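Hi everyone, thanks for coming.

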Amino acid sequence: MTELFVNGEGMRGGGVHHNIAGHPFLGPVRTAPGYRFFSVRDEFPGIAPGGTAAIVGELYDVPLVVLAERFLPDEPPELELGVIRLEDGRAVLSMVLRPEEVASGRHADISAAGGWRAYRSA
């Protein structure tokens, strides 16, 4: 199994959560400080290294085959699979904003919100 950090529509209640819903929920988690967080078209978030924020999300234990066959095909083209560090020091998989998307300046930086749900409820 593979630990997967989700921070947007993959979280419980999100639009692509059904792809991982049957797999163990390991709990709410936060990244280590060191990230930027963006709103992409105000439809979904994107996390990227290089900032100072710690981002709230959820952690799941998901087989790689499920990631490859169910989760990744539903992800938007602005995101790619990457590795992030959690506040407890673990490295886990997560969808991250592609570097060229970060550099484009097209996406609103919402790092101060600390998480997608907090941003959406503001």
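This is a predicted model: local features need pLDDT of at least 70, side-chain atom pairs count only at pLDDT 80 or more; totals for chains, interfaces and linings use all residues.

**Charged pairs and an aromatic pair**

Let's start with Arg41 and Glu78, whose side chains meet in a salt bridge, with 2.2 Å from N to O. These two come from distant parts of the chain: Arg41 is in the loop between β3 (35-40) and β4 (44-49), while Glu78 is in the loop between α1 (64-71) and β6 (79-85), 37 residues apart.

Now, is Glu78 buried or exposed? Glu78 counts as buried, because its relative accessibility is 10% and the cut-off for buried is under 20%. Arg41, on the other hand, is partly exposed, with a relative accessible area of 47%.

Which one? That's Glu43: the side chains of Arg41 and Glu43 also form a salt bridge, at 3.4 Å from N to O. In case this is new to you, side chains of opposite charge can pair when their charged atoms come close.

Let's stay in that loop for a moment. Glu43 is found there too, between β3 and β4, and at 44% relative accessibility Glu43 counts as partly exposed. If we skip the neighbours within four places in sequence, Glu43 is in contact with Glu9 and Trp116. Take Glu9: Glu43 and Glu9 are 34 residues apart in sequence, but 9.0 Å apart in space, going from C-alpha to C-alpha.

There's something else to see in the backbone here. Most residues other than glycine have a negative phi. Keep that in mind and look at Arg41, which is not a glycine but has a positive phi of about 55°. Then look at Asp42, also in the loop between β3 and β4. Its phi is positive too, near 60°, and Asp42 is a residue other than glycine. At 42% relative accessibility, Asp42 counts as partly exposed.

Okay, on to other salt bridges. How many does a search of the whole structure find? The answer is nine salt bridges. One of them joins Glu58 and Arg117, with the closest N and O atoms 3.3 Å apart. Glu58 lies in strand β5 and Arg117 in helix α3 (residues 116-121), so this pair ties together parts that are 59 residues apart in sequence. What about burial? Glu58 is buried, at 1% relative accessibility, whereas Arg117 is partly exposed, at 42%. There's also a network of salt bridges, and that one links Glu3, Asp88 and Arg90.

Let's switch to aromatic rings. A pair of aromatic rings is described by the distance of the centres and the angle of the planes. The count here comes to two aromatic pairs. One of them is Phe25 with Tyr60: their ring centres are 5.2 Å apart and their planes are at 50°, so we call the pair tilted. Why tilted? Because planes under 30 degrees apart would count as stacked and planes over 60 as edge-to-face, with the rest called tilted.

This pair also links distant parts of the chain, with Phe25 in strand β2 (residues 25-30) and Tyr60 in strand β5 (residues 56-62), 35 residues apart. Tyr60 is buried, with a relative accessible area of 2%, and Phe25 is partly exposed, at 34%. What sits over the ring of Phe25? It's the charged end of Arg12, 4.1 Å from the ring centre.

Finally, let's zoom out to the whole chain. The secondary structure comes to three helices and eight strands, and reading along the sequence you get the pattern β-β-β-β-β-α-β-β-α-β-α. The radius of gyration is 13 Å, close to the 14 Å that the globule rule gives for 122 residues, so the chain is as compact as a globular protein of that length. Along its principal axes, the C-alpha trace spans about 35 × 30 × 25 Å.

Buried residues make up 49% of the 122 residues. As for contacts, take those between residues at least 6 apart in sequence: 65% of them join residues at least 24 apart. And the accessible surface comes to about 5,900 Å², with 54% of that belonging to carbon and sulfur atoms.

Conventions: Residues are numbered from 1 along each chain as its sequence is written. Side-chain values use heavy atoms; hydrogens and water are left out. Rings of Phe, Tyr and Trp (its six-membered ring) pair if their centres lie within 6.5 Å; planes under 30 degrees apart count as stacked, over 60 as edge-to-face and the rest as tilted. Helices (H or I, at least four residues) and strands (E, at least two) are DSSP runs, numbered from the N terminus. Buried means under 20% relative accessible area, exposed over 50%, partly exposed in between (1.4 Å probe, protein chains only). A charge sits over a ring if NZ of Lys or CZ of Arg is within 6 Å of the ring centre and within 35 degrees of the ring normal. A salt bridge is a side-chain nitrogen of Lys or Arg within 4 Å of a carboxyl oxygen of Asp or Glu. The radius of gyration is taken over C-alpha atoms; the globule rule is 2.2 Å times the number of residues to the power 0.38. Contact means heavy atoms within 4.5 Å. Accessible areas come from the Shrake-Rupley method with a 1.4 Å probe; for residues, only the protein chains shown count as cover.
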